[in-house]
Amino acid sequence: MIAGPSLSCYCLLFLFLLGDAGAEGSQKAAPEQIHLSYPGEAGCMTVTWTTWVPAASEVQFGLQLGGVLPLRAQGTSSLFVDGGLLRRKLYMHRVTLRGLLPGVHYVYRCGSAQGWSRRFRFRALQSGPNWSPRLAVFGDMGADNPQALPRLRRETQRGMYDVVLHVGDFAYNMDQDNARVGDTFMRMIEPVAASVPYMTCPGNHEERYNFSNYRARFSMPGDTEGLWYSWDLGPAHIISFSTEVYFYLHYGRHLIQKQFRWLERDLQKANNNRALRPWIITMGHRPMYCSNADLDDCTRHESKVRKGLSGGHYGLEDLFYKYGVDLQLWAHEHSYERLWPIYDYQVYNGSRESPYTNPRGPIHIITGSAGCEELLTPFNPFPRPWSAIRVKEYGFTRLHILNGTHLHVQQVSDDQDGKIVDDVWLVRPRQGRRTYL
Ligand SMILES: [Fe+2]
């Protein structure tokens, strides 16, 4: 006969569980995974973080690194239950700071009486169109093998960037291991994302449970939980959208039309505002074009993002061409590729000598080589006539929007210790930018 566990065993187990909970209890209300985003309103910044138990959501901030932080802002928290087997619970806190002075450095900490974060520092974005934003742009960065992250962290700490754009595919994947991989990733990017606004769009790796980890963890402008939104930054209007609506139709085919109509309205508004914000820049995860050696959508002549669903409905190339979009940022391919100004496979360089001065079609940059477990993507051995440069090295892109007519793009190679491996200026006169037609 096999005896069951004795009463003393149960007691020991109970004490062990109690002890475990007690040890963690004090830390469970401590903020972690702290990151910033710009809510699209001048003088504002949103702080987002996670706790493991319900807690108040407060940010204390001020101008001095030491001493009391005199300013206070309150926000809200919401329970996020991951879709994995364990149904892990995360409490997501969001607080928007208002009335920030343009370009001024602030110090902040977040949390509640139950636990505070350490202090972080950020610079409020300048307001209005007349300044020169500097951005770091990349996609496809994982918790495993995030090659470019240490360099990005150093450069962010040196104050080289006002904003980071992460063009989809995070952590690989945020939902993995009952969303613990998402937690790890958000902790990893904290030194960057708690110091500059970390702006995002969803990629295919965010798909699980209808993009629930993506929606819960980031706080992007507007009311679409970050699936698509737009905002102004200096002389540019930046539109972030989801290419994934074209691929995961089971979450709602109607989303393609909904987003497309929103894009068209937003582009019309942005075009009417060109005098103030001359640049229109888009970011979406899966490119329309690419010359990689794989079977991705962008390698197909009629890619879904470019041409829409079969029958040519809701394709984005015509839409972006019609409204004179200047620059399109993509990722998904784990490499860097810059295209000549292009429309419908035709190259529309400004001139032979200066292809990017007064181009007659949009410019595409594919920058998905920040580093992840899937390593780099090889290129097709036969370069396409519309492909200007291809770099199969880890790195990220710098975007310097100098003013309303000049924009500087550089590709930083992490493999070559920060060497600039692509360097190009886009120049468009203020007039005649509303369309290429
Ligand atoms: Fe992807």
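## Ground rules

Numbering starts at 1 in each chain and follows the sequence as written. The model is predicted: local features need pLDDT of at least 70, side-chain atom pairs count only at pLDDT 80 or more, and totals for chains, interfaces and linings use all residues.

Helices (H or I, at least four residues) and strands (E, at least two) are DSSP runs, numbered from the N terminus.

## Annotated domains

An unreviewed UniProt entry places "domain: Purple acid phosphatase N-terminal" at residues 31-123. That span is 55% strand and 0% helix. Its end C-alpha atoms lie 21 Å apart.

"Domain: Calcineurin-like phosphoesterase" comes from UniProt too, in an unreviewed entry, at residues 134-336. Here the chain is 33% helix and 20% strand, with 19 Å between the end C-alpha atoms. UniProt positions use the numbering adopted here, feature names are shortened, and annotations may be inferred rather than shown by experiment.

## Helix α5

Helix α5 spans residues 254-272, 19 residues in total. From first C-alpha to last it reaches 28 Å, close to the expected 27 Å. The expected span is 1.5 Å times one less than the number of residues.

Which residues of α5 are buried? They are Gln259, Phe260, Leu263, Leu267 and Ala270. These cover an arc of only 105° around the axis, so they sit on the same side of α5. The arc is taken from the directions from the helix axis to the C-beta atoms. A residue is buried if 20 or more other C-beta atoms lie within 10 Å of its own, exposed if 12 or fewer, and partly exposed in between; C-beta atoms are placed from the backbone. An α-helix has 3.6 residues a turn, so residues three or four places apart point the same way.

The buried residues pack against β16 (236-240), β17 (279-283), β19 (313-314) and α7 (316-322). Contact means that the C-beta atoms of two residues, placed from the backbone, lie within 7 Å. The face turned away from the buried side carries exposed residues His254, Arg261, Arg265, Gln268, Lys269 and Asn272.

Helix α2 (residues 149-157) packs on helix α3 (residues 176-193) at about 30°, with the axes 8 Å apart. That makes α2 roughly parallel to α3. Leu149, Leu152, Arg153 and Thr156 of α2 meet Met188, Pro191 and Val192 of α3. Axes are lines fitted to C-alpha atoms, for helices over the stretch in contact, and angles run from 0 to 180 degrees between N-to-C directions. Angles under 35 degrees count as roughly parallel, over 145 as roughly antiparallel, 65 to 115 as roughly perpendicular and the rest as oblique.

Helix α4 (residues 208-217) buries Phe211, Asn213, Tyr214, Ala216 and Arg217. These pack against β5 (76-81), β6 (89-97) and α3.

## Backbone and loop details

Asn210 lies in α4. Its phi is positive, about 55°, although Asn210 is not a glycine. Tyr345 also has a positive phi, near 70°, and is found in the loop between β22 (342-343) and β23 (346-347). The Tyr172 to Asn173 peptide bond is cis, with omega near -10°.

Arg277 is in the loop between α5 and β17. With 19 other C-beta atoms within 10 Å, Arg277 is partly exposed. Beyond residues up to four places away in sequence, Arg277 touches Pro129, Asp232, Pro235, Ala236 and His237.
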